[in-house]
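User: I am new to this structure and would be grateful for a guided introduction to it. Please take up its parts one at a time.

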Amino acid sequence: MDMKIIKGGSSTVAKSCYRAGDALVFELQLRQAKKIVGYAYEMPLPDYIVADEPGQPEFERRSTLQLLAVQDGKTVVLGPAHSDMERIQTVGDGAFAHWKEPLPEGPFGTSKLHFSTPGNVDLLLGWKLRKAISQLRAVVFPLSPRMGFVEFVHKPNKKAKDYDPTKRRRRKEIHRELFFQTFPTLGVEPHLADRPQDTLPGVAYLWRASHHDEFNFDLQPEEVFEKRMPYAFAEFFGSFEQTGAVLYPPPACYKYYENKVALTELFQGAHVQMPMTWVFRNLADAMARKAEVQLPVVIKDPYGYSSIGLLQAETTSELTEALKEFFSKAKPGVEALVQKKVQALREARVTYVDGRPFHGYWRIRQSLKSASAASTRGGYQDFNFPLAELAPFIASFANKTGVPVGGVDLIWQEKNPDLHKEPFTLEVSPTSDINPPSPPDWKEGYAEFKHTKGFRNAYIGIRRKWAEAMALAVVDRWA
Ligand SMILES: Nc1ncnc2c1ncn2[C@@H]1O[C@H](COP(=O)(O)OP(=O)(O)O)[C@@H](O)[C@H]1O
Ligand SMILES: [Mg+2]
C-alpha cells in the first residue's frame, strides 16, 4: 500500500523526462501554461529540480535550467534565464525564470516557470499561425556530486517485549524507497554501501536511522545501553567515513541523540540559550549540590525521550524526594538532569535541513501545571506555524552547534513571542520524524487524523519532501 503511494509519485507536468548525456530533458505539457500578465506565462515544474529561491542569499540564481522551444519546426533557445518578472512581462521575447518557493516557507513549496516566447508569439493561439510553438523543452544539468546511500540492514531484537518483525523494517524501507525515488530526479545513480569498507572516497552518502531500536550493538557488562547507544551510533556510522567518504547528516551528531548530558555541554559551550541546568552524577552528588538549584524545576532522565520519567519539584523537600525517587529507579551511572522550569506559554518543534527550517508546529500543553507538552501528556499540535520567521534563528543555531540537520524543541515565556529573539532551546535531535499537518479546519485530535483516508498519502508525501531536501542539501554542499 505504502509502496503504491510512493511509486505513484507526485503528479508531473512533464510529458516525459529522459537523460541525454549528463542532462535531464523534460518535455513540458504546453497546455499547463497559463498566460498571466503582459507577455508572461506561468507553468508548474517538478519541484525536485534545483531552482532559484528568491530572497534567499546563495540560492537566488542556482537554477541550471535551459529552456528550448520548437517553433516552426526549428529549435530556439530561450533566454535570458533568471529574468525578473518585470522583464518577462514587458520585454518578453524568451526571457524566463525558474524558481521555487523558498524552503523556509514550508514543506509544500512548489516550483514554477515564468517565461515568454520568442517574438512574443501567442503560445496558446499560435498553433494556427506559422510561428506556432509546438513544443517546450527544459534541459537541466544536475550539478550533483557523486552520491551514495548507506544501506543499513536492521537486525531485529527478537527478545524485545514488543518485538514486531516488520514494523521497523517497514519504516526503513519507506525511507530507502523515498531516497531511491529522489536520486534519479537529481540525475544521480547512487553508490550503495552496506559495510563501512564499501564506501568510496569523495562520495557523499545519504543515510537515515529514525529510532534507536533500529540499531543493535554489543554491550560491555558494566555499560548501560541508553548511555552507550548515542556513541555507538556515532562510531558505527562514522566508520563509513574512514575510506574518505562523507556521510550526510554527519554521523558525529548522533552522539547527541537522546543524550541530554552531551547536549547540555554542547549548548553551554556554543552559547545557545537554554534553561539553567544541573547534572547530578548520583544521589550523593545531588544531595551535596542541591542548594545550587533554583526552583521550580523539572527532572529528566538524560537518555529518555517522549517525556518518559519526567519529574517536577517546586520546593526543596519536593526536590529531595524527586531526586531520591529518580536515583532509586535509575540504572547505575545514569545522571539526573535538573532543569529550571520555564513558564512556557509557547512551545514548538521545528525540523530543519542544512540549517533551514523545513517543518514546524506549535505544541500546546494540556495545562501549565503539566510537565510537558508531549502528546503522551495530553498535549496537541497546531500546524499554523510561522516557519520563515524562525529561519534566522535556526540558521544560527545549526551553525553554532554544528548540528546541520535535526528537530529542535523550543519554548518561549511569552504567549506572542518576538520570533527574532532567541527562544530557550530544550534539545535537538539529529533525527526527527515529521508528521504531515492536519487540515487547517481539523478540530479533532491528531490521532483521529491518522485514521483518515488521506493520511497515508500525506505522511509519505511529507517524507518525500524531506528526502528531496536532504538530497538537495548534499548538492548545495558538495557540487
Ligand atoms: N525546563 C523546562 N521548562 C518547561 N518545560 C519543559 C522544560 N523541560 C522540558 N519541558 C517540557 O517537557 C517536554 C519534554 O522535554 P524534552 O527536554 O524535550 O525531553 P524529551 O522530549 O526527550 O522527553 C518539552 O517539550 C516541554 O514541554
Ligand atoms: Mg523533546
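The questions and answers below concern the domains, the sheets and the surroundings of the ligand in this predicted model.

User: Into which domains is the protein divided, and how many Å separate the centres of domain 3 and domain 4?

Analyst: The model is predicted. The assignment gives domain 1 (10-140), domain 2 (147-256), domain 3 (276-340) and domain 4 (346-478). Taken over C-alpha atoms, the centres of domain 3 and domain 4 are separated by 27 Å.

User: How do the residues on the side of domain 3 that touches domain 4 divide into nonpolar, polar and charged?

Analyst: Five residues from domain 3 and five residues from domain 4 take part in the contact. On the domain 3 side, the division is two nonpolar, three polar and no charged.

User: Why is one side of β1 and of β6 left without a neighbour in the sheet?

Analyst: The open sheet in question has five strands in the order β1-β2-β9-β5-β6, paired antiparallel. From one strand to the next, the twist averages 25°. One side of β1 (14-20) and of β6 (74-77) has no neighbour in the sheet because these strands stand at the edges, each with a single partner strand.

User: Which residue of β9 stands opposite Leu68?

Analyst: Strand β5 (residues 66-71) pairs with strand β9 (residues 133-140) in the antiparallel sense, over six bridges. Strands of a sheet pair through backbone hydrogen bonds. The residue of β9 opposite Leu68 is Arg137.

User: Which residues form the covered face of strand β4, and which the uncovered one?

Analyst: In a regular strand the side chains alternate between the two faces of the sheet. In strand β4 (residues 41-45), the uncovered face holds Glu42 and Pro44, while the covered face holds Tyr41, Met43 and Leu45.

User: Which residue in the turn between β3 and β4 has a positive phi?

Analyst: Strand β3 (residues 34-35) runs antiparallel to β4 and is joined to it by two bridges. Lys35 has Tyr41 in β4 as its bridge partner. The two strands form a hairpin with five residues between them, and the turn residue with a positive phi, about 55°, is Gly38.

User: What is the bridge partner of Pro44 in β8?

Analyst: β4 also pairs with strand β8 (residues 111-115), in the antiparallel sense and over five bridges. Within β8, the partner of Pro44 is Lys112.

User: Which residues come nearest to ligand 1?

Analyst: The shell draws at least three residues from each of domain 3 (276-340) and domain 4 (346-478). Strands β15 (297-300), β17 (336-340), β21 (406-412) and β22 (424-429) each supply at least two residues of the shell. The shell residues divide into 11 nonpolar, five polar and six charged. Of the 22 residues around ligand 1, those that come nearest are Pro275, Val342, Ser372, Ala373 and Leu426.

Technical notes. Residues are numbered from 1 along each chain as its sequence is written. Chains are lettered from A and ligands numbered from 1 in the order in which they are written. This is a predicted model: local features need pLDDT of at least 70, side-chain atom pairs count only at pLDDT 80 or more; totals for chains, interfaces and linings use all residues. Two strands pair if DSSP finds at least two bridges between them. Helices (H or I, at least four residues) and strands (E, at least two) are DSSP runs, numbered from the N terminus. Axes are lines fitted to C-alpha atoms, for helices over the stretch in contact, and angles run from 0 to 180 degrees between N-to-C directions. A residue is near a molecule or strand if its C-beta atom, placed from the backbone, lies within 6 Å of it. Ala, Val, Leu, Ile, Met, Phe, Trp, Tyr, Cys and Pro count as nonpolar, Asp, Glu, Lys and Arg as charged, and the others, Gly among them, as polar. Domain bounds come from an automatic or database domain assignment. Two residues are in contact if their C-beta atoms, placed from the backbone, lie within 7 Å. A residue is buried if 20 or more other C-beta atoms lie within 10 Å of its own, exposed if 12 or fewer, and partly exposed in between; C-beta atoms are placed from the backbone.
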